[in-house]
Amino acid sequence: MPFLIHQYLEHHGRNQVDAEAAVCLDDTLSYGQLDHKANQLSTVLLTHLVKKGDRVGIYLDKCIDMPVAIYGILKSGAAYVPLDPSAPIQRLSEIINDCGIQVVISGNSKAKKLAQLKSQGHQSLLTIGPDNRFNLDANIDWDHVYTTQPDLSLSPHIIESDLAYIIYTSGSTGKPKGIMHTHHSCLSYSRWAATEYQLNVTDRLGNHSPLHFDISIFDWFAGVVAGCCTIIIPDEYTKFPASYAQLISESHMTVLFTVPFALIQLSLRGAMEQHNMNKLRWVIFGGEPFPIKHLAAIMAQLPNAAFDNMYGPAEVNGCTHFTIKHLEARAQTIPIGPINQISNALIVDENDQAVDVDSIGELLVRTPSMMQGYWGRAELNESAFYYYKPFSGLDNHYAQRYYRTGDLVSCSSNGDMWFIGRKDRQIKIRGYRVELDEIEAQLVSNDLVEEAAVFSVKFDDEPLQIHAKVTLKSACENATKLILVALKQCLPSYAMPAKLTVVEFFPRTTSGKIDRTYLTKLAIEQTVDIVSPKTKP
Amino acid sequence: MTSLAKQAIIDDLLTYINEELYEDGTTVDVDDDLLLDIGMDSLSLMLMVGFIESQFELSIEPAQITITHFRSVDIISDFLLSLKSS
């Protein structure tokens with residue numbers, strides 16, 4: 001059995017050489033072509049001083065070169081690091097510095113931003129992808145890669161505990177944190193998912209999620225484990241439900257793993273009745289709770305598909321799931337399901353003592369699909385895990401390591417778990433993890449700002465919104481605009497507050513802290529007048 | 001007549017996008033690719049469609065809200081003119 005991710009690609013590259021591996025609109029790669037191109041890229045990387053264990057960035061809009069970048073990097077023994085194509089330069093720069101990226105795989109659409117990056121302290125960054133007409137320093141174009149003779153003798157010895165990828169996510173201190181996964185952790189999840197959803201060579205998986213979002217692991221690796229074809233859904237399609245529905249239909253998609261927000265848009269604005277989506281057999285969703293009213297609507301629109309709620313933070317990958325057989329008429333929510341066959345769960349109180357059935361506690365997960373840890377964050381790695389010692393006298397090295405999810409759940413007597421909320425101030429916006437404390441930290445670092453309060457507002461069925469209020473060090477004209485402009489330089493677009501207001505003072509709790517609960521309540525009351533009419537198309 | 005009407009639509013749309021939709025300094029021009037150059041997200045698109053419907057007294061069917069019709073302000077204005085004339 002293969003023990004490295006790319007060995008599955010090599011297997012299919014030999015045994016189903018002409019089968020489609022990836023499709024992006026009019027571009028197609030067979031398994032044979034993908035394997036060959038990944039070998040070419042790996043050869044280029046290894047001849048340009050990339051060594052096993054290095055971190056190589058992928059800075060690409062969704063395109064057919066994406067799987068080549070992923071598998072080329074893995075074959076070189078390096079770990080790939082997705083760089084959000086819509087992130088501001090400052091955030092990209094932080095990630096590049098944090099994990100020491102020296103090579104980035106990219107494309108023409110990113111040439112302008114790469115030039116900016118290089119001129120802002122990353123002169124020596126080697127870029128692979130953009131055409132030479134952009135005159136980027138230290139650049140190799142795709143034409144060079146795709147005319148390179150693969151040299152497999154350069155391939156390093158890789159083992160399953162070697163690093164495969166690092167996904168960066170919001171960090172509460174204001175600094176993004178890198179979640180490290182190995183070939184072993186990635187394959188443990190991918191093999192489980194391929195088996196659980198009975199993926200096979202006839203399946204066509206929709207790749208909705210960008211590469212920096214952990215749902216993409218399913219599309220790129222569970223898909224290749226089973227020899228499926230991955231249909232890349234370009235970002236612009238995810239914003240236009242009617243175009244999205246047409247693509248699902250015309251690409252004969254059979255499996256789609258996405259976020260509730262995208263499915264709600266499809267249901268409301270996808271004109272789905274005009275498209276034949278009968279081939280869709282699995283609609284898997286995760287990342288955030290799905291409002292029942294909208295779930296029921298799309299289930300009625302896609303009666304041939306099975307709907308499945310998958311749960312799992314990026315640190316452990318998917319570790320529970322619940323297939324919805326039918327929706328109870330009065331259901332308020334759906335469970336996240338029981339812990340999967342390859343994992344163990346503990347639900348504990350604040351003293352790490354197991355809670356009773358139906359009681360609420362924090363979910364701790366032990367699984368082979370768990371991350372190795374956070375890149376370069378010793379303190380976080382101390383606090384992120386719980387060590388269960390079945391025998392006295394064991395030190396942490398031999399104890400059972402559980403990841404502390406920070407998610408509050410309860411467990412029914414039949415093993416189904418229910419998501420209740422968070423222990424901290426992490427929220428999900430359209431499936432993306434956002435630490436409200438990170439936004440506050442960024443706001444307070446602005447010279448104009450004295451104090452800041454950031455909180456989330458949910459109004460009926462509208463999507464969750466981030467609101468921010470600040471007090472100023474001294475009066476300033478245009479303060480709101482100046483602060484937003486600065487904030488946009490360091491936060492991804494999904495983490496930007498929908499509303500930022502300058503206030504003279506904050507309401508306080510009796511202990512003197514800013515009363516964010518009161519601010520949230522106030523915002524919801526005001527939302528009725530301000531936001532609702534505007535967001536209703 | 002048509003070119004004047006088109007320019008009025010473009011002006012209204014650019015004013016809305018640059019002054020109301022984006023308060024963070026983003027500036028959009030008539031030919032900018034709203035999706036690839038500006039990275040407009042789905043919520044902003046929904047808000048823009050809401051604005052178009054009320055500003056130009058039009059009803060846009062979900063099936064018409066596609067990449068083909070909403071790629072840039074210039075393309076949107078052509079689409080709105082075709083809606084008005086139909």
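Domain bounds here come from an automatic or database domain assignment. I kept that in mind while going through this predicted model.

**Domains of chain A**

I noted three domains in chain A: domain 1 (5-232), domain 2 (338-422) and domain 3 (431-535). I then looked up the spacing of domain 1 and domain 2 of chain A. Taken over C-alpha atoms, their centres are 30 Å apart. I also checked who takes part in the contact. Domain 1 of chain A supplies 22 residues, and domain 2 of chain A supplies 13 residues.

**Nonpolar cores**

Next I went to the largest nonpolar core, which has 153 residues. Which residues have the most contacts inside it? I found F218(A) and M48(B). Helix α8 (residues 216-226) of chain A gives the most to this core, with 8 residues. Domain 1 (5-232) and domain 3 (431-535) of chain A both contribute residues, so the core lies between them.

I listed the neighbours of M48(B), leaving out residues up to four places away in sequence. M48(B) touches L13(B), Y16(B), I17(B), L34(B), M40(B), F70(B) and I76(B). I also logged a second, separate core, this one of 21 residues. Among its members are I95(A), L136(A), I166(A) and M180(A).

**Strand β10 of chain A**

I turned to strand β10 (residues 204-207) of chain A. R204(A) and G206(A) point one way from the strand, L205(A) and N207(A) the other way. Are these residues buried or exposed? I found that all are buried. In a regular strand the side chains alternate between the two faces of the sheet.

I followed the pairing on from there. Strand β11 (residues 229-232) of chain A runs parallel to β10(A), joined to it by 4 bridges. N207(A) has I232(A) in β11(A) as its bridge partner. From β10(A) the chain passes through α8(A) to β11(A), and this β-α-β crossover is right-handed.

Strand β12 (residues 255-258) of chain A also runs parallel to β10(A), with 3 bridges between them. Here I found L205(A) opposite V255(A) in β12(A).

**Helix α15 of chain A**

Last, I looked at helix α15 (residues 479-488) of chain A, where A479(A), I483(A), L484(A) and L487(A) are buried. Why do I say that the buried residues line one face of the helix? Seen down the axis of α15(A), they fall within an arc of 125 degrees, so they line one face. I then asked what covers the buried residues of α15(A). The cover includes α14 (436-444), β24 (449-457), β25 (465-472) and β26 (499-502) of chain A.

Notes. Residues are numbered from 1 along each chain as its sequence is written. Chains are lettered from A and ligands numbered from 1 in the order in which they are written. This is a predicted model: local features need pLDDT of at least 70, side-chain atom pairs count only at pLDDT 80 or more; totals for chains, interfaces and linings use all residues. Side-chain values use heavy atoms; hydrogens and water are left out. A nonpolar core is a set of buried Ala, Val, Leu, Ile, Met, Phe, Trp, Tyr and Cys residues joined through side-chain atoms within 4.5 Å. Buried means under 20% relative accessible area, exposed over 50%, partly exposed in between (1.4 Å probe, protein chains only). Helices (H or I, at least four residues) and strands (E, at least two) are DSSP runs, numbered from the N terminus. Contact means heavy atoms within 4.5 Å. Two strands pair if DSSP finds at least two bridges between them. A crossover is right-handed if, with the strands pointing away from the viewer, the path from the first strand over the helix to the second runs clockwise. The arc is that of the directions from the helix axis to the C-beta atoms.
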